[in-house]
Amino acid sequence: MDSVHIAELSWPVYDEKVKHGRTVVLLPIGALEQHGPHMSMNPDVLLPTAMAGRVARNIGALVAPAIAYGYKSQQKSGGGNHMPGTTSLDGLTLTSTIKDVLKEFARHGVRQVAMVNGHFENSMFIVEGVDLALRELRWEGIHDFKVVVLSYWDFVTEDTIRAIYPYGFPGWAVEHGGVLETSLMLHLHPQLVDMSKAVDQEPATFPPYDVFPTKPQWTPCSGCLSSAKPASAAKGKLLLEVCVEGISQQLRTAFD
């Protein structure tokens with residue numbers, strides 16, 4: 001078995017690969033969240049998982065099964081948790097899940113983990129889960145467990161942004177269901193995208209504050225925060241290559 005995916009390995013093969021503590025484990029983390037009428041609800045899981053698999057082959061790492069549910073969608077970054085289909089975890093649940101999974105990897109002998117995030121709202125709950133895991137591992141006498149936390153979109157270079165958005169970049173805050181995610185899905189999972197249903201819309205605008213309970217009328221009817229019409233598989237291929245190369249380079253340094 002030469003798969004990089006932990007779930008596809010037998011336990012003796014897995015044990016041999018990780019018990020010495022030198023193998024990096026990549027842990028994708030995403031969400032089940034609506035991404036407009038033109039796309040499936042799982043890009044936040046599929047995209048970091050695809051990138052993790054390619055990075056793992058580059059650096060000799062393994063990929064853990066993704067954490068497939070994420071923190072509640074926020075209106076100004078994901079359309080809002082009121083949208084049909086979006087299925088989220090409380091922050092405490094997500095934090096505890098991350099903590100428990102990391103501690104289990106440490107029990108197996110793993111000492112190097114990279115969290116590959118695909119859902120913006122997860123960010124601080126990942127940090128909290130990592131912090132609690134490290135604290136409890138120190139109580140157990142484990143002081144050499146290291147975690148890198150990254151979000152794949154942070155590896156999109158300025159040159160790539162200019163190529164992907166020749167008429168102007170609307171900003172990451174309104175990229176939900178837009179060109180970035182749709183292009184990547186067109187390249188990786190075209191069967192899950194129907195561009196005939198993509199809505200041509202102006203980037204969403206919001207006041208400089210949040211309101212709770214959410215005001216549904218603030219979210220565009222499509223659930224997207226910008227138009228996916230300019231998306232293409234070619235743009236997705238470029239984005240994937242840039243992100244995989246950037247993540248691979250940085251993880252080689254981080255775990256050197």
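The protein carries 21 positive and 27 negative side chains, and the centres of the two sets lie 3 Å apart. Lys and Arg are counted as positive and Asp and Glu as negative, leaving out His and the chain ends; each charge is placed at NZ of Lys, CZ of Arg, CG of Asp or CD of Glu. The model is a predicted one, in which local features need pLDDT of at least 70 and side-chain atom pairs count only at pLDDT 80 or more, while totals for chains, interfaces and linings use all residues. Residues are numbered from 1 along each chain as its sequence is written, and side-chain values rest on heavy atoms, without hydrogens and water.

The protein contains 8 helices and 4 strands, in the order α-β-α-β-α-α-β-α-β-α-α-α from the N terminus. These elements are DSSP runs numbered from the N terminus: helices are H or I with at least four residues, strands E with at least two.

The C-alpha atoms fill a box of roughly 55 × 40 × 30 Å along the principal axes. Of contacts between residues at least 6 apart in sequence, 79% join residues at least 24 apart, where contact means heavy atoms within 4.5 Å.

Buried residues make up 52% of the 256. Buried means under 20% relative accessible area, exposed over 50%, and partly exposed in between, with a 1.4 Å probe and protein chains only.

In soluble globular proteins, nonpolar side chains tend to be buried together. The largest nonpolar core here has 38 residues, and those with the most contacts inside it are Leu26, Tyr152, Leu180, Leu184 and Leu251. Elements giving two or more residues to this core include β1 (24-29), β3 (112-117) and α8 (233-254). A second, separate core of 26 residues includes Leu62, Phe105, Ile126 and Ile142. A nonpolar core is a set of buried Ala, Val, Leu, Ile, Met, Phe, Trp, Tyr and Cys residues joined through side-chain atoms within 4.5 Å.

Not counting residues up to four places away in sequence, Tyr152 touches Asn117, Leu180, Leu184 and Ile247, among others. Asn117 lies in strand β3 and is buried, with a relative accessible area of 1%. With the same exclusion of sequence neighbours up to four places away, the residues that Asn117 touches include Ile29, Ile126, Leu150 and Tyr152.
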